[in-house]
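This briefing is for a reader new to the structure.

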Amino acid sequence: MKIQELPLTGEKGLAGAVAANLATVHQQLFLSWQMDRSEQVPAVQNLLTDLDVPQTTNGLTVQFMLPLAALPVLQKWSRQLFGDQQLNGSLQVVYEQHRQIWQAGRFTFDVTSKPLIYAILNITPDSFYDGGEYYHQQQWQQQIERLIHDGADIIEVGGQTTRPGGFHEISPEEEKRRILPAINFLHQRYPQVAIAVDTYKLPVMKAALDAGVDIINDVEAFDTEDKQTLLAQSSAGLVTMHSSRDREYDHLTAEMHRFFERNLADLQQAGIDLKRVVIDQGIGYSKVADGNQDSAMMRNIDQFNDFQRPILVAISRKGFGQKLLGLAKKDRLPVTLVAEAYMYLHGGRVLRVHDVAETHQLIVMLEAINHGYWNRDLNQESQDGKTNEHD
């Protein structure tokens, strides 16, 4: 037996456009399951019925539509039910075609199989949410320990706020003075955690790369040739952010999409492998801060899945909570988690957050729902396997 992905390139008209949209934007797979013998057909049909997917049968072939998030369940169940090496291999080929890899310095992340918690550490006196809380060495060291204990995969060190409504720009020297001790501390004490730096300044990027950081996050999207050349000479991951603080849009999604088309092309032209790049919509960086664009940009996140790059969800405790519900910063965690859940389910696999423990719970719960399919025999077999492993 084997499973193949159905090509959609030849489809025309509205049906073809809808199918292509489902496949790319909404992350649905169109698959064909070819069987060897007629007696296998009912078992395949029953398995797909338990996966709650539309299917049609023609002889020894079943065609069906599957959410990308359900692919690991199909892989596991088909191994348990059939034990067919050709089938397992064909499913792995489908998985590899849709796998999102992020190469970031010392790390290679498979965000398809494991979403990332990207923790924020602001060593600043004036960041919008936690400015001053971790400004001194003892404070930021204790916070690093908390973030790692709670499950952070990445810790981003920031020394310059870019808060909406205007901010005080510090010199590159002062920014380096703030962040380099934390970078060195992370290297020495927690080498298993990836280190990111949030900066838009070339001298700070250079110092951070010299200090061995794994990721550079630039709110200005690596907008100069010097930045692009510097990053091309490194192995660091890039977070490239869209911003519209200097302009208003007529057609938001289309113009954002064109921005990333140009930006990714520029980075690739500079010699940067796109496997190193994560994109960030820049929520909160609209010309009118915390305006209606925030919710529009949360909703349209799936319109950027066609770039096949991981998408950063960066909305932690931002001002939409105040605009919609009048919430103070300290009270915005619940509404942040709701919005993050929506964006996660629509393609955001890297969550940039202040609250790591709660985000970890969110991911565990959403992954349980994404993989929440039931077949009594197959689920029992999995449970028995787990029991035996512990005996």
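Alanine 196 stands opposite isoleucine 215 in strand 10. The model is predicted: local features need pLDDT of at least 70 and side-chain atom pairs count only at pLDDT 80 or more, while totals for chains, interfaces and linings use all residues. Residues are numbered from 1 along each chain as its sequence is written, and side-chain values use heavy atoms, with hydrogens and water left out.

**Strands and barrel**
- Strand 9 (residues 194-198) pairs with strand 10 (residues 215-218) in the parallel sense over three bridges; two strands pair if DSSP finds at least two bridges between them.
- Helices (H or I, at least four residues) and strands (E, at least two) are DSSP runs, numbered from the N terminus.
- Eight strands form a closed barrel in the order 7-8-9-10-11-12-13-14, with parallel pairing.
- Neighbouring strands of this sheet are turned by 25 degrees against each other on average, direction ignored; axes are lines fitted to C-alpha atoms, for helices over the stretch in contact, and angles run from 0 to 180 degrees between N-to-C directions.
- Helix 6 (residues 172-189) packs on the sheet and touches strand 8 (154-158) and strand 9, where contact means heavy atoms within 4.5 Å.
- The direction of helix 6 makes about 175 degrees with that of strand 9.

**Helix 4**
- The buried residues (under 20% relative accessible area, 1.4 Å probe, protein chains only) of helix 4 are Leu87, Ser90, Leu91, Val94, Tyr95 and His98.
- Seen down the helix axis, these buried residues fall within an arc of 145 degrees, so they line one face of helix 4; the arc is that of the directions from the axis to the C-beta atoms.
- Their cover includes strand 1 (2-5), strand 2 (28-34), helix 3 (71-82) and strand 6 (107-110).

Terms used:
Buried < 20%, exposed > 50% of the residue type's maximum accessible area, 1.4 Å probe, protein only.
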